[in-house]
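The sequence and structure follow.

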Amino acid sequence: MGYLTNDKLVIVGAGGAIGSTMVQLALAMKLTPNVCLYDVYAPAMEGVIEEMFHCGFDGANLVATTDPAVAYKDAKYIISSGGAPRKAGMTREDLLAGNCKIAEELGKNIKTYCPNVKHVVVIFNPADLTGLVTLLYSGLKPSQVTTLAALDSTRLQSAIAKKFGVLQSEVTGCATYGGHGEQMAVFGSKVKVAGKPLHDLIGTPACTEEDWEALKVATTKGGAKIIELRGRSSWQSPAYCSIEMIQSVMGGERFRWPAGTFVNNEKYQNIMMAMDTTLDENGCTFKMPEGTPEEMAKLDASYEHLCKMRDELVTLNIVPPVSEWSKVNPNL
């Protein structure tokens, strides 16, 4: 089997656990042979590229560099995990200022070295804000920059599957929308468990109201649970889901989960948040989620939380006031 494309894919933060796993997955899943590893810390990245050579991937054309001019030149796809990871006791929001400065640099590097890039996926936390900052400074169109939000939906699916003792694939319709932080909106109204609507099971001995509330907490705190269990932030699941995202915009298999995307409509303005998205060769398109009044109210609350963090970025002088964004990026 050949590769999906020959276009250049850049993995930012390639020396880290997430980045190195993404490099391996991109080659194993036959996305492209042309993968560039970029990291500011050379020894770790050079160790990763040696390991990739030792895997013996057919036709792999790998480059490792600490020079952004080399890394981004002619890039067509980029995935960045190049921020500080979350540690025990931290929320995603605790990383706001430092990682958003890194996102500003990422956006400016894209604008300088690869303005013709096709798609960028941002996965370092808080992803809703780092993605927004990247989009602003890159000059790209909103459809060209997405953020990783899928883990919340897969964690919901996993929690429900464990609760009912079924295969994860037997739980369908799982989605969380809004922010990627613990204020995300968990939608259960379209979930089915082995073909039965979850709505019909909640409030029965099989799943009491208290059980459902616990499942929602397990979803929103799924990342913190990984840190508790493994002593570090998750890396395998974000790596896999983000490679699936890039695969879909390369024209490969459809991405099954929500993605974070730029939203500016009559209800939500100038924000990056998880919506009911479609990823394909045209980039990202979205429609508004549909849910119960309670679910939509949770989505509204998640949006308000994101707006407060966005406005904090203005206060920190990381981004200008929203009214001036079109001067930085005419596509906004």
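Helix α4 comprises 18 residues, 96-113, and reaches 25 Å from its first C-alpha to its last, close to the expected 26 Å (1.5 Å times one less than the number of residues). The model is predicted: local features need pLDDT of at least 70 and side-chain atom pairs pLDDT 80 or more, whereas totals for chains, interfaces and linings use all residues. Numbering starts from 1 along each chain as its sequence is written, and side-chain values use heavy atoms, without hydrogens and water. Helices (H or I, at least four residues) and strands (E, at least two) are DSSP runs numbered from the N terminus.

The buried residues of α4 (buried: under 20% relative accessible area, 1.4 Å probe, protein chains only) are Leu96, Asn99, Cys100, Ala103, Glu104, Leu106, Gly107, Asn109 and Ile110. Their cover includes α3, β4, β5, α5 and α11.

The axes of α6 and α8 (lines fitted to C-alpha atoms over the stretch in contact, with angles from 0 to 180 degrees between N-to-C directions) come within 8 Å and cross at roughly 140°.

| Helix | Residue range | Contact residues |
|---|---|---|
| α6 | 150-164 | Asp152, Arg155, Leu156, Ala159, Ile160, Lys163 |
| α8 | 209-220 | Asp211, Trp212, Leu215, Ala218, Thr219 |

Thr176 lies in strand β8 (residues 175-177) and counts as buried at 1% relative accessibility. Beyond four places in sequence, Thr176 touches residues including Asp152, Leu156 and Thr219.

Technical notes. Contact = heavy atoms within 4.5 Å. Buried < 20%, exposed > 50% of the residue type's maximum accessible area, 1.4 Å probe, protein only.
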